Amino acid sequence: MKQFKKFYISIDKDLNVLKCNDVFLQYIGTDQIFNLDQIIPPQDVMQLRNAIFAVNPGSTGFTCFRVRTYIGKLNWMASSIEKSLAFDGPITLDMTDIQIMKSENISGTYDKMTGLLSKQAVIDYLHELIEDPESGSFYTFLMDIDHFKTVNDTFGHMRGDEVIIDVAHILQDCVGENGVVGRIGGDEFMLVLEKINTEAKLREILGKIKDTVRDKYHNFGDKLDITVSLGGALFPDNARDYDSLFMLADHMLYTAKIKGRNRYIIYQPQVHGIIGLNGKMVTPVEHLAMNSSKVRMIRDLMRDYLTGKSHTIREIIERVSKTYDIDYIYVIKKADYKSVAGIEKNVEKDKVIINPSETQLPILASENLTAFFDANRMAVVNIHEIDKEKKADIYSFMDEKAFRSMVVCLLTTDDFDGYLTFISRKDSACRLSEASLADLVYITSLLEFSSDLK
């Protein structure tokens with residue numbers, strides 16, 4: 001996906017170049033371009049001028065023409081033409097190499113109506129970024145057109161399609177080289193913004209999208225009143241997998257809708273809450289209550305230990321699983337890497353299995369796991385952060401088991417040598433913050449001192 005580029009260029013009515021993206025300059029092999037007649041053959045220049053003349057102000061058209069590439073070859077371009085309402089305003093060309101569009105390798109990559117990435121293509125792109133350890137932070141936003149059904153019902157589906165195309169071109173122009181945009185169905189779009197360094201820059205882009213759409217249709221001739229709503233979150237700060245990221249963006253879009261539409265909402269955990277049980281959002285007040293229950297549990301365990309009250313393994317791991325919403329907890333003996341105690345939550349059947357029979361985690365014997373352990377004798381392994389080539393055995397094991405994360409703590413007493421493991425599934429709502437991980441180190445020590453490990 002990352003190899004396929006869109007070319008954007010802004011010109012005036014005389015084809016003078018006002019701005020264009022760096023990818024296009026690389027495509028034509030120059031550092032600067034002043035007029036399109038430098039790279040388009042004369043007969044195609046005339047065709048382009050006629051196509052531009054035929055587009056009404058504030059509307060969008062389509063044409064094809066040839067462009068001379070950096071190796072001197074003439075390649076056909078398919079291009080939308082978007083005119084501003086102002087007579088002398090900029091004209092935006094959104095171009096794609098036709099040969100690339102015809103390539104079997106990208107069949108279905110682009111949405112036929114808008115020229116944006118298709119639903120599957122933009123989702124695949126997002127998955128690639130999530131799984132690439134070098135991708136860094138990026139924002140994902142969902143957007144739709146407010147009250148779009150009213151547009152179709154009042155003005156007809158043909159006019160509705162024109163609105164979708166217009167909004168798509170506004171998205172492309174506003175996002176530019178800061179990311180990619182896809183149409184995921186009807187009037188719904190996904191934005192993946194991977195080159196945003198500050199929240200101020202993010203707000204500038206989102207505000208421009210919102211305001212440009214609103215201004216384009218405000219008091220227009222057919223009295224269309226079109227606005228858009230957006231909601232999104234930051235990877236990996238807010239979510240570390242596709243499902244959680246999509247869910248957060250979707251929830252923020254819903255929040256934008258219920259707050260009045262014509263706005264964008266950026267997820268902030270201290271304001272909107274966190275992902276809680278069953279994928280639902282937990283409010284800050286609810287989150288505080290959850291943290292209180294964690295503090296209370298650790299305090300009670302410590303008090304019992306100091307007063308000489310012992311707990312069994314089962315009692316401790318049951319309380320930990322419930323308090324921290326952890327899917328699987330196993331006490332593994334190093335001799336054979338089989339569990340001597342454990343707990344498993346089956347969300348689909350709403351059951352909890354205590355002491356599952358002889359669960360085995362042979363991956364704990366891997367030399368590659370050694371690199372993950374820190375000074376607290378804890379290893380935190382997230383499938384989205386594993387180098388697939390250098391640590392292929394760990395990645396394959398977790399992928400096969402559908403594990404998202406695995407926290408491994410060393411357990412060592414006079415009578416026992418092994419591991420305490422805390423595991424979350426890919427499809428679960430289990431999340432462990434830095435504070436929770438610190439708690440698990442403390443709980444491991446308490447288990448060593450106060451349980452019946454043998």
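Predicted model: local features only at pLDDT ≥ 70, side-chain atom pairs only at ≥ 80, totals over all residues.
**First stop: the largest nonpolar core.** Begin by selecting Leu191 and Ile209, the residues with the most contacts inside the largest nonpolar core, a set of 33 residues. Next, colour the elements that give two or more residues to this core: strands S6 (138-145), S8 (188-193), S9 (228-235) and S10 (264-266), together with helices H5 (148-155), H6 (157-175) and H7 (199-217).

**Second stop: the surroundings of Ile209.** Display the side chain of Ile209 with its contacts. Leaving aside residues up to four places away in sequence, Ile209 touches Ile170, Leu171, Cys174 and Val175, as well as Met143, Leu191, Val228 and Leu230.

Now select Val122, Leu126, Ile184 and Ala256. These residues are included in a second core of 27 residues, which is separate.

The structure holds one cavity of 30 Å³ or more, and the volume of the largest cavity is about 50 Å³. To locate the largest cavity, select its lining: Tyr8, Ser80, Glu82, Thr92, Asp94, His169, Gln172 and Asp173. Two or more lining residues come from each of strand S4 (74-83), strand S5 (91-97) and H6. Colouring the lining by class shows four polar residues, three charged residues and one nonpolar residue.

Conventions. Residues numbered from 1 in each chain as written. Heavy atoms only, no water. Core = buried A, V, L, I, M, F, W, Y, C linked by side-chain atoms within 4.5 Å. Buried < 20%, exposed > 50% of the residue type's maximum accessible area, 1.4 Å probe, protein only. Helix = DSSP H or I, 4+ residues; strand = E, 2+ residues; numbered from the N terminus. Contact = heavy atoms within 4.5 Å. 1 Å grid on protein atoms, 1.4 Å probe; cavity = no way out; pocket = protein on both sides within 12 Å on 5 of 7 lines; lining within 4 Å. Points joined across faces, edges and corners; volume = space filled by probe spheres on them. Nonpolar A, V, L, I, M, F, W, Y, C, P; charged D, E, K, R; others polar.
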